[in-house]
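Please look over the structure first, then read the notes by topic.

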Amino acid sequence: MKLRKSAATAAAIAALALTATACGGKEGSAGDKPEGPDSKDTKALSYTVKKDVSIDSSVFKDAKKRGKLVIGAKADQPYLGFQDQSTKEYSGFDIEIAKMIAADLGFSPKQIEWKTVDSGARETAVSKGDVDFMIGTYTINDERKKQIDFAGPYYHAGASLLVRKDEKDIKGPETVRGKKVCSIVGSTPLQNIKKPKYGAKVTELSKYSECVAQMLNNQVDAVTTDDAILMGYAAQNPKKLKVVGKPFSDEPYGVGLKKGDKALQKAVADAIKAHQENGDYKKAFDATIGKSGSEYKDPPAFTDPK
Amino acid sequence: MNVLTDNLSLFREGFIGTVELTVVSGIIAMVLGVIIAAFRVSPVPPLRVFGTAWVNILRNTPLTLLFLVAFFILPKILFPDMDSFVLGVVALGFYTSSFVAEALRSGINTVPMGQAEAARAIGMSFTQVMRVVVLPQATRAVIAPMGSIFIALTKNSAIAGGFDNVDLFNVTKTLSNDGYDITMIFVWVTLAYLIITYAINGAFRLLEHRMEVAR
């Protein structure tokens, strides 16, 4: 009996030790505190909130009634859509674009309710009305257009490669043959780099941060996804990571809207255009992804809503 | 409907992936589970301690955490170039082995003490007692809970899909990223899981009938 008791204690201690080391390991990789995006940079930005806006759209009317605009965003992409876990505040380029749109729809930043939406759930969130619109490195494509509408594109990203600073062999997509490249489960860049043309060995994990952790451990050689996202990671950890090569795909980012709401689609498109013309777009760019090293490109022409 | 027909080969790959993960880690879990259950009832104290520690650590650690350890810590200290499938079935198999061991132990407890004592009285060794007298009787009692464990294992294998393995979960993610209607994806993936779990269900039902004895 006595033995059984001490065995149980030993087991409990061992279990605790195991979980503790597991946590330690995880924290270890985050231990050398990455330089996160600074919300100070975007604090200075503000947009004039329009008054007495009226749009013939049910989504807009509902938002007005509840006095809050619900915007779907990403929380794990530094400089694009990023949530500071201690302050719960969102920052980044997509967030700024969303604020511009909100301002033109008559909502101040305080009247915005942010909602983090996982990549796979974006169409559902938009079409079910969980969010009024979705803005989060959201590539416009035909399959998605069957379920929702897009306003945009407001930015063109392209797939690129993130490698360790001391990596010499990988210079672009044509040099990854046989190398281990990581991206997240089910993502398009993953399907891309798998193609015989590039012939990389792929590793699929659930989060980009896990890919980056594996790369820092030398288990994978590169991480691939949109350049804008990778630039953010590189800027977070400039001593160990760098982005190489030219972007090798085209990812036009748009704002995801409920299907059939033409009035809101037009209003959102007009809002982005207006802010591109008055310079807010460039200022927001400079304060966010500009800081991570992305070069400023003139905003792409809109594909007009049909 | 066209989600399935458009991506038939992807679905097939995912289905086979899930079956492979389940079968291989199921075998690992069975083998380890029997050994650990024997440890837990053995007369040797260090073995009992080992068995208790094994069960308590693995059963009480969330599976995702075990996967994280397998993928981020094991390669760092032990096996640097391990295949993700191997790491996946190790995590799944070890985790499930603790449940198998506990189910077996409860089965062993259903065998009356006198049986083991009688076997020992006629000069059988511990291994013989277990193999010839206790385990055959215990098996009968554990078939139903064992079926539940393997059904749970099938569903747990989805976690491996998030860690560099192609399985049904992985297919769900790929297709939803492509923009297909998520409801239809789920309908087909659920059906695929049902096929696997019903097959397990049926196999255990059959076993139960085979081993039935009048009491």
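The notes below cover salt bridges, a helix pair and a surface patch. The model is predicted. Over all chains, the structure holds 19 salt bridges.

- Side chains of opposite charge can pair when their charged atoms come close.
- Arg164(A) pairs with Asp221(A) in a salt bridge, with the closest N and O atoms 3.7 Å apart.
- Arg164(A) sits in strand E8 (residues 159–164) of chain A, and Asp221(A) sits in the loop between helix H8 (208–216) and strand E11 (222–226) of chain A, so this pair ties together parts 57 residues apart in sequence.
- Salt bridges with shared partners join Arg164(A), Asp166(A), Glu167(A) and Asp221(A) into one network.
- Glu167(A) also forms a salt bridge with Arg164(A), and here the closest N and O atoms are 3.9 Å apart.
- Arg164(A) has 12% relative accessibility, so it counts as buried.
- Glu167(A) is buried as well, with a relative accessible area of 11%.
- Asp221(A) counts as buried because its relative accessibility, 18%, is under 20%.

**Salt bridge Lys50(A)–Asp104(A)**

- The closest N and O atoms of Lys50(A) and Asp104(A) are 3.8 Å apart, and the two residues form a salt bridge.
- The pair links distant parts of the chain, 54 residues apart.
- Lys50(A) is in the loop between helix H2 (39–43) and helix H3 (58–66) of chain A, while Asp104(A) is in helix H4 (residues 93–104) of chain A.
- Lys50(A) is partly exposed, at 47% relative accessibility, whereas Asp104(A) is buried, with a relative accessible area of 12%.

**Helix pair in chain B**

- Two packed helices are described by the angle between their axes and the distance between the axes.
- In chain B, the axes of helix H4 (residues 63–77) and helix H5 (residues 84–110) come within 9 Å.
- The axes of H4(B) and H5(B) cross at roughly 140°.
- H4(B) and H5(B) are therefore oblique to each other, since angles count as roughly antiparallel over 145 degrees.
- The crossing of H4(B) and H5(B) is right-handed.

**Nonpolar patch on chain B**

- Val23(B), Val24(B), Ile27(B), Met30(B), Val31(B), Val34(B) and Ile35(B) make a nonpolar surface patch of about 530 Å².
- Met30(B), one of these residues, lies in helix H2 (residues 8–41) of chain B.
- Met30(B) is partly exposed, with a relative accessible area of 33%.

Notes. Residues numbered from 1 in each chain as written. Chains lettered and ligands numbered in written order. Predicted model: local features only at pLDDT ≥ 70, side-chain atom pairs only at ≥ 80, totals over all residues. Heavy atoms only, no water. Patch = residues over 30% accessible without salt bridge, like charges linked within 9 Å, V, L, I, M, F, W, Y side chains within 5 Å. Areas by Shrake-Rupley, 256 points an atom, 1.4 Å probe, with all protein chains shown as cover. Salt bridge = Lys/Arg side-chain N within 4 Å of Asp/Glu carboxyl O. Helix = DSSP H or I, 4+ residues; strand = E, 2+ residues; numbered from the N terminus. Buried < 20%, exposed > 50% of the residue type's maximum accessible area, 1.4 Å probe, protein only. Axes fitted to C-alpha atoms, helices over the stretch in contact; angles between N-to-C directions. Parallel < 35°, antiparallel > 145°, perpendicular 65-115°, else oblique. Left-handed = near helix turned anticlockwise from the far one by under 90°.
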